[in-house]
Amino acid sequence: MAAAAVKVYGWAMSPFVARALLCLEEAGVEYELVPMSREAGDHLRPDFLARNPFAQVPVLEDGDLTLFESRAIARHVLRKHKPELLVGDGSPAAAAMVDVWLEVEAQQHHAPTGAIMVQCILMPLLGGVRDQAVVDENVTKLKKVLDVYEARLSTSRYLAGESISLADLSHFPMMRYFMDTEYKTLVEERPHVKTWWEELKARSAARKVTEFMPPDFGFRMRGSKDSNLIIGSGYPRMSEPE
């Protein structure tokens, strides 16, 4: 059997890698997930640094094209294989709204959601103690963000309009872990956000990618040092400059 033309390098439980995989699954693209070990330093090896000099996952190889940064990878995959997920109903205005809400995800939603997840899930797994002050600060920020989402989703089925788009899908990987924290109530108490999330996680592509994203990030025990867990290339990086 011929090797898949598309390869993704990284550890699938990373929400950044999961973003790339989700778009590949949505587009029905056959791909190979190339296994890597952070603990073995695979992301620091010369062959990987030749693909991404910043030593971060994911990296996508599509024939002769090599890309890094998960949101850029997501756009490429959909632009090539399922462009309707980048343009909403196809009008310039709808495409612009997709861009707007992609920026909202990256600039407003991602950081507080990720910070809460790190403190509530990762810190205990790594043998540390959560910093409740950090959690409280980011809960306050996220409440304000989700109030905006609730207002938007009360007038629109999806963030960018009546059609699902990358603006919605890009939220899935981080929210998948966030919804395993006690702060999932921030979503559940906002009815339109809850409905949006329930529909998002029920998509077949999301269900498939969830199989690669165990709630414990692959740790077999608290504080395990041999897990292939990681968010990006170096915990606790929670942002991806695009």
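**Helix packing, core and strands**

Author: This is a predicted model. Leu-146, Tyr-149, Glu-150 and Leu-153 of α6 are in contact with Pro-191, His-192, Val-193 and Trp-196 of α10.

Reader: What classes of residue make up the contact of α6 with α10?

Author: That contact has 6 nonpolar residues, 1 polar residue and 1 charged residue.

Reader: At what angle do α6 and α10 pack?

Author: Helix α6, residues 132–153, and helix α10, residues 191–202, pack at about 80°, and their axes are 7 Å apart. That angle makes α6 roughly perpendicular to α10, because angles of 65 to 115 degrees count as such.

Reader: Let us stay with Trp-196. Which residues does Trp-196 contact, leaving aside its neighbours within four places in sequence?

Author: Trp-196 touches Tyr-149 and Leu-153, and also Arg-157, Tyr-158, Leu-159, Asp-168, His-171 and Met-175. Tyr-149 and Leu-153 belong to the α6 side of the helix contact described above.

Reader: And the largest nonpolar core: which residues have the most contacts inside it?

Author: They are Leu-24, Tyr-149, Trp-196 and Phe-217, in a core of 73 residues.

Reader: Leu-125 lies in α5. Is Leu-125 buried or exposed?

Author: Leu-125 counts as buried, because its relative accessibility is 10% and the cut-off for buried is under 20%. Leu-125 and Gly-218 are 93 residues apart in sequence, while their C-alpha atoms are 10.0 Å apart in space.

Reader: What share of contacts in the protein joins residues at least 24 apart?

Author: Among contacts between residues at least 6 apart in sequence, 71% join residues at least 24 apart. As for burial, 52% of the 242 residues count as buried.

Reader: Leu-24 was named in the core. Which residues make the contact between α1 and α3, and how do those axes lie?

Author: The axes of α1, residues 15–27, and α3, residues 70–81, come within 8 Å and cross at roughly 5°. That makes α1 roughly parallel to α3. From α1 the contact uses Phe-16, Arg-19, Ala-20, Cys-23, Leu-24 and Ala-27, and from α3 it uses Ser-70, Arg-71, Ile-73, Ala-74, Val-77, Leu-78 and His-81. By class, there are 9 nonpolar, 2 polar and 2 charged residues in the contact of α1 with α3.

Reader: Turning to the strands, how many are there?

Author: The protein has 4 strands, along with 11 helices.

Reader: Which strands pair with β3?

Author: Strand β3, residues 59–62, runs antiparallel to β4, residues 65–68, with 4 bridges joining them. Strand β1, residues 6–9, also pairs with β3 in the antiparallel sense, over 4 bridges.

Reader: Which residue takes a positive phi in the hairpin of β3 and β4?

Author: Gly-63 does, with phi near 65°, and the hairpin has 2 residues between its strands.

Reader: Are the faces of β3 covered or open?

Author: Both faces are covered. In a regular strand, side chains alternate between the two faces of the sheet. In β3, Val-59 and Glu-61 lie on one side and Leu-60 and Asp-62 on the other, and all are buried.

Note on methods
Residues are numbered from 1 along each chain as its sequence is written. This is a predicted model: local features need pLDDT of at least 70, side-chain atom pairs count only at pLDDT 80 or more; totals for chains, interfaces and linings use all residues. Side-chain values use heavy atoms; hydrogens and water are left out. Axes are lines fitted to C-alpha atoms, for helices over the stretch in contact, and angles run from 0 to 180 degrees between N-to-C directions. Angles under 35 degrees count as roughly parallel, over 145 as roughly antiparallel, 65 to 115 as roughly perpendicular and the rest as oblique. Contact means heavy atoms within 4.5 Å. Ala, Val, Leu, Ile, Met, Phe, Trp, Tyr, Cys and Pro count as nonpolar, Asp, Glu, Lys and Arg as charged, and the others, Gly among them, as polar. A nonpolar core is a set of buried Ala, Val, Leu, Ile, Met, Phe, Trp, Tyr and Cys residues joined through side-chain atoms within 4.5 Å. Buried means under 20% relative accessible area, exposed over 50%, partly exposed in between (1.4 Å probe, protein chains only). Two strands pair if DSSP finds at least two bridges between them.
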